[in-house]
Amino acid sequence: MEIEEKFEKAEEIVLEKTRTLTPMLENVIKFAAIMIGIYEILFIFNFNYTLYDLFSKLGIKISLLKLTFQTKQGEAFVLAMILLITYLLYPVKKKEKYLEKVPWYDYLLAILGVISSMYLFFVYQRYATYAEVYMTDVIFGITAIILVLEATRRVLGWVLPLVVVVFLIYGINNIGFNWIRFTQQLYFDEGIFGIPFFVMTIYVFAFVFFGAFLLKIGISDYITEFMISAFGARPGGPAKSAVVSSGLMGTVSGSSVANVLTTGTFTIPLMKKAGYPPEVAGAVEPVASTGGQLMPPIMGAAAFIMAEFLGIPYNKLIIAAVLPALVYYSAVYIFIDLETKRLGLKGMPRERFAPLSYFIRKLYILLPIAVITVALVWGIPPHISAISSLGIAIWVSWISKDNIKGHEGLYVATVLISTVLMFTGRELATPVTALLLLIALALVALAFYGKNVEFNEKLYITLLFVLFIALTKYIGMRKEQILLMSGVMGIVFSLIVGAISKTEDGKKMYAATYESMIDAGKTSTSVMLAAASAGLIQGVLTMTGLVTSLGYRLVDLTAGNLWLLLLLTMIFSLILGMGVPTTANYIITSLVAAPAIFNAVMGLQPYSSPVPGFGTPIALLAAHFFVFYFGILADVTPPVALASYAGSALAGGDFWKTALNSVKYALAGYIGPYIYFTHPEMFLITVQEWNMSIALRVLYNFGATLLVMYLLAISLTGWFQKNLRKEVRLIIGMIGLAGATLHIIPIGLGVVIVIGLKVFWKRLGG
């Protein structure tokens, strides 16, 4: 199957149907999407103040740039654009006749959506001053709530809105049909514009923006093709490349289904050509893609909400997620390796793939991912980290174009040096500025002499970046300001250079930059609506006090039995996740089930101890991670299993067999949370004081967990150098499950079994 055919097939697998609009309405959608990005950058990321500071240092005072709005006003503006996009793009029903044109009532709903959201934008200053709610506010507030629920139904299906409606009915009844209090709680204070939507607008949108650019400007394609080239010629190579590439891209996109439909168009056909049955090929990709939301540095959108709920900075949270994520992907890799050997598959011919040397030469394309990782770990705010990495992504994408002349190594060195200098403090401003100016002069001189540099797009984009960084360093801008501006100006530079470009690659970069801005706004629709709807549930739980009582009722229901409570929470999270997006799933379970788990273990050590440096109890962190994991795994859990459905459709295999294989390969995701909850030191940030003893214990727990996954993989695949007898598989499986306690005895037995299998494998075969 040719690449074009693969993409055509991917486009046929549509999980959400949207209208084909007239050119005029398409422009309206583009305008709304771009306005989301512009407002986010200017007023939510405070780029306007950064610009004001820049011009002030240059002696230019532009008072208009000091214009500011309340956070709630910004959220209201974003929701207005989201509702406008939704009601024009998504029909009331998915039938063909509703996809042909926009009916009059959708125009009306789109206008009402904008008005009801923008009403809050204009009256919030009054409310913030007097905290009074009038009947006019009630009318607009109720209208906004209804329109959010209908928009959510159109985009995400009926399950989440139905759950919200149940909570809303309970809430209004509980407060005696006090509509003023209802509106105040769910429209002004929390509800639609509560913590979930706040996190989406402040943090998550920046990563959606970043991911949209990586997909459009070719970095995601580079990752996929690089991994295929690296692993493709080895036994099981296409499957192993899917694991690695989907992990890398999944950590950027944060959407398991979207990732299946992008990287899967390459990896799944290759897996089938390598000899994997469709039900195996279609399962590997969803499992790897789903794990992307668990993989630092960029986890799923719910992880940012978790950080806000727990009061723990995101850079600490990603450290907590490292070992669980490594276990998950190691286990998937082990399963694939054993399946490959069981099927007797060989590597594919090397000539089928692009030379590995080509991808190694262009390894600098991964620099944005390295930058965002370093920035996050250093504690730079997540949205600043994402936007700064976006600027680097645009820069490296331009200089990677082979059809635009210029010595690649020279430009790569310039990018690397400039990136390092960009992160330096203000105390080094003078020497850094001088060095950057010397680099710019050297590039211009080389261009005049025609030595490895020409006056073309590569030189122009590089000079713009270098001179911009030099200017901001010279005038003493703060590091966070420079990082934010580098990303925003990167978009501007790309549009300018692309607009004047005469080359095909230059025109493509211009189109990719422009389209990325539109795609970011459109892509954010689903996560924003999920957050707004889930915020209504949170608002009702807080307003009625149900958030506390439900936790105690769950504890009573399970008679205080922790294991039964964990099992019930897992089932609840998986069932809820089958019809509700990960973000909404996490919000509901973290408010209902996580407190119950917390109450069940508080008072026990080490759960009652706080996370070092924070007041958050370890029990709460462990409980939130527990529900977070199972909410994500719903994407591969039948009977719904949206990611598995996408994989089976691409592979042309049976859905149920594909979904069951997905569950098998994702086993570490189902068993791991129990291990991490009972051994919270595996979250690393929970360790009170590091010493040799605790380091060895963490190392033992990590190694023992991997051994457990290895034993279970042997048992479920039935392979260890040859097919194993059923009774042998059963024994290995039982010891593997017992080993999930990480007790020394079953782990020791597991080690003995692995050694014994290596010695006596001929006798144990089937």
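How do the residues lining the second largest pocket divide into nonpolar, polar and charged? I find 10 nonpolar, four polar and nine charged. I counted Ala, Val, Leu, Ile, Met, Phe, Trp, Tyr, Cys and Pro as nonpolar, Asp, Glu, Lys and Arg as charged, and the others, Gly among them, as polar.

I am working on a predicted model, where local features need pLDDT of at least 70, side-chain atom pairs count only at pLDDT 80 or more, and totals for chains, interfaces and linings use all residues. Residues are numbered from 1 along each chain as its sequence is written, and side-chain values use heavy atoms, without hydrogens and water.

**Pocket.** I looked up the lining: 23 residues, with Ile-217, Gly-218, Asp-221, Ser-400 and Lys-401 nearest the centre. (A pocket is an open set of points on a 1 Å grid over the protein atoms alone where a 1.4 Å probe fits, with protein on both sides within 12 Å along at least five of seven lines; lining residues have an atom within 4 Å of a point.) H25 gives the most, six residues. Helices here are DSSP runs (H or I, at least four residues), numbered from the N terminus.

**Leucines.** I checked Leu-64 in the loop between H3 and H4. Leu-64 is exposed, at 69% relative accessible area. Leu-742, between H34 and H35, is buried at 5%. (Buried is under 20%, exposed over 50%, partly exposed in between, with a 1.4 Å probe and protein chains only.) Leu-742 has a positive phi near 65 degrees.

**Cis bonds.** I noted a cis peptide bond between Pro-296 and Pro-297, omega about 10 degrees. Another runs from Pro-638 to Pro-639, omega near 20 degrees.

How values were computed
Helices (H or I, at least four residues) and strands (E, at least two) are DSSP runs, numbered from the N terminus.
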